[in-house]
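Here is a short tour of one protein chain. Keep the sequence and the 3D view side by side as you read.

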Amino acid sequence: MNLGLKLGKETLFNYIDLFGFGEKTGVDLNGESSGILFNVDKIGDLELATTAFGQGVSVTPIQQRVL
């Protein structure tokens with residue numbers, strides 16, 4: 001949580017984007033989801049802290065495998 005607060009929401013979410021979370025993987029699979037992330041414009045300290053330790057990020061099994 002402290003790391004997330006020190007990084008700030010823009011930097012933390014930039015790293016999340018660089019890892020490809022929140023986007024489809026490009027694998028040809030019907031119904032693939034992009035996962036669920038908080039909207040960065042609506043992030044407060046609580047959401048920032050939970051995202052920092054992974055509770056605010058929902059990824060698909062295929063994202064975990066591909067990434």
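In which helix is the place of Leu5? Leu5 sits in helix α1. Helices here are DSSP runs of H or I with at least four residues, strands are E runs of at least two, and both are numbered from the N terminus.

Leu5 counts as partly exposed because its relative accessibility is 41%. The scale is simple: buried means under 20% relative accessible area, exposed means over 50%, and partly exposed is in between, with a 1.4 Å probe and protein chains only. Leaving aside neighbours within four places in sequence, Leu5 is in contact with Asp45 and Leu48. Contact means heavy atoms within 4.5 Å. Leu5 and Ala49 are 44 residues apart along the chain, yet their C-alpha atoms are separated by 6.5 Å.

## How to read the model

This is a predicted model, in which local features need pLDDT of at least 70, side-chain atom pairs count only at pLDDT 80 or more, and totals for chains, interfaces and linings use all residues. Residues are numbered from 1 along each chain as its sequence is written, and side-chain values use heavy atoms, with hydrogens and water left out.

## The whole chain

The chain has four helices and two strands. From the N terminus, the order is α-α-β-α-β-α. Its C-alpha atoms fill a box of roughly 35 × 20 × 15 Å, taken along the principal axes. Of the 67 residues, 24% are buried.

Residues 24 or more positions apart account for 64% of them. The chain exposes about 4900 Å², and carbon and sulfur atoms supply 53% of that area. Accessible areas come from the Shrake-Rupley method with a 1.4 Å probe; for residues, only the protein chains shown count as cover.

There are 5 positive and 8 negative charges, and their mean positions are 4 Å apart. Lys and Arg count as positive, Asp and Glu as negative; His and the chain ends are not counted. Each charge is placed at NZ of Lys, CZ of Arg, CG of Asp or CD of Glu.

## Helix α3 and its cover

Which residues of helix α3 are buried? In α3 (residues 45-52), they are Leu48, Ala49, Thr50 and Thr51. Their cover includes α1, α2 and β2 (57-58). After α3 comes Gly54, with a positive phi near 95 degrees.

Leu12 belongs to helix α2. Leu12 counts as buried because its relative accessibility is 11%. Beyond residues up to four places away in sequence, Leu12 touches Leu7, Leu48, Thr51 and Ala52. Leu12 and Leu48 are 36 residues apart in sequence, but 8.3 Å apart in space, C-alpha to C-alpha. Gly8 is in the loop between α1 and α2. With a relative accessible area of 16%, Gly8 is buried.

## A nonpolar patch

Turn to the surface. Leu3, Leu7, Tyr15, Leu18 and Phe19 form a nonpolar patch there, with about 550 Å² of accessible area together. Helices α1 (2-7) and α2 (9-18) each give two or more residues to the patch. Patches are made of residues with over 30% relative accessible area and no salt bridge; like charges are joined within 9 Å, and nonpolar side chains (Val, Leu, Ile, Met, Phe, Trp, Tyr) within 5 Å.

Phe19 lies in the loop between α2 and β1 (36-37). Why does Phe19 count as exposed? Its relative accessibility is 53%.

Glu32 is in the loop between α2 and β1. Glu32 is buried yet has no salt bridge. A salt bridge needs a side-chain nitrogen of Lys or Arg within 4 Å of a carboxyl oxygen of Asp or Glu. The nearest side chain of opposite charge, Lys24, is 6.2 Å away. Among the residues that Glu32 touches are Lys24, Val27 and Ile62.

Thr60 is in the loop between β2 and α4. At 13% relative accessibility, Thr60 counts as buried. Gln64 lies in helix α4 (residues 61-66). Gln64 is exposed, with a relative accessible area of 57%.
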